[in-house]
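Dear colleague,

I am passing on the structure we spoke about, and my notes on it follow below. Please read them with the structure open beside you.

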Amino acid sequence: MKRRIGWLFCAALLLVAAGHVALAQTAGAPDPLAAADTYVNAPKPWQMWFPKAGSPMQAQIDWLMKYVLWIMAGVVGFVGVLMVYVFIKFNHKANKVPSHLTHNTLIEVVWLVVPTILLAIIIGPSLSLIWYEGDDSNPYMTVTVTGHQWYWEYNYQSVAGLDYTSYMIPDDQLQPGQIRRLSVDHPLVLPVGEKIKFDITSGDVLHGFYLPSLGVQKYAIPGSIQTSWTLITKPGTYYGECNQICGINHDAMPIEIKAVPMADYLAWIKVAQANYTENAVPPDPISSPRPVDQFAEASK
Ligand SMILES: [Cu+2]
């Protein structure tokens, strides 16, 4: 009897495993998101500077940040050297009789003109970048991004009915290859080389749609739509986070983007329409990190 139950149990396990494999491969078809696994742009421990730019916008932000940083380094270095010089040359011991000079036309002209030139060479590229960031005209497609406590919802305006939620994988359910606190159940899938517009809003409180490697950072504000855009240059997996303190599980709403070539994106749409739309905006998904226990803990 025991042996029979054992066999039955094994058979059931095999059936479940086979079902999972079939689901994962969607009836033997190649995974349309495979191209995104070839390059993973995720934060590293002790990382300095910005992540590697995945879009022209982030490349320009990175360039401007370093450009201003070097100008600042020059100013701070010059003022530092000047101060050390003054401390040594004009201190009480070295310079017993101070000068009573109050005006020097040349110095006054120089300290007005030089900072003006510095501000002018900073404001030029800054304004040009602000205009570039603001130009979300003529996108290939638009995705409405809605922040919720505590998950993201993606609505593809150009694909009827494609509206799904994206939850962080809880630590105890991570699979090999997934990244703790960054991987999600249903990533945002986008084609590479195309301009993608984001309409960003919120269903409850303030959230922040922040994609550091793509140069996107906008608040998600209930009752209003902020727009941004991106153009991903290379197939890969890109990550972001909600960066507006939005409640107890604020840290549990990462953004995972799978950027794939256009043909793969179109293939994925078919898979997503078949599998995602019936699960669209589930009221209580299993992978949802539940705040209930934490509230109970806090009120003990
Ligand atoms: Cu949030």
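**The loop around Ala 94**

Ala 94 sits in the loop that runs between α2 (56–89) and α3 (105–134). Please keep in mind that this is a predicted model. Ala 94 is exposed, because its relative accessible area is 52%, and exposed here means over 50%. If its neighbours within four places in sequence are left aside, Ala 94 is in contact with Ile 88 and Lys 89.

**The copper site**

Which residues coordinate the copper ion? The donors are His 207 through ND1, Cys 242 through SG, Cys 246 through SG and Met 253 through SD, at 2.1 to 2.6 Å. The angles among these four donor atoms are 90 to 128°, and the site of the copper ion is tetrahedral. Along the sequence, the donor residues follow the spacing H-x34-C-x3-C-x6-M.

**Disulfides**

A disulfide is a covalent bond between the sulfur atoms of two cysteines. The structure holds zero disulfides, while the SG atoms of Cys 242 and Cys 246 are among the donors to the copper ion.

Notes
Residues are numbered from 1 along each chain as its sequence is written. This is a predicted model: local features need pLDDT of at least 70, side-chain atom pairs count only at pLDDT 80 or more; totals for chains, interfaces and linings use all residues. Side-chain values use heavy atoms; hydrogens and water are left out. A disulfide is a pair of cysteine sulfur atoms within 2.5 Å. Helices (H or I, at least four residues) and strands (E, at least two) are DSSP runs, numbered from the N terminus. Buried means under 20% relative accessible area, exposed over 50%, partly exposed in between (1.4 Å probe, protein chains only). Contact means heavy atoms within 4.5 Å. Donors are N, O and S atoms within 2.8 Å of the metal (3.2 Å for Na, K and Ca); water is not among the atoms, so sites may look incomplete. Four donors count as tetrahedral if all angles lie between 85 and 135 degrees; four count as square planar and six as octahedral if opposite donors are over 155 degrees apart and all others between 65 and 115; anything else is irregular.
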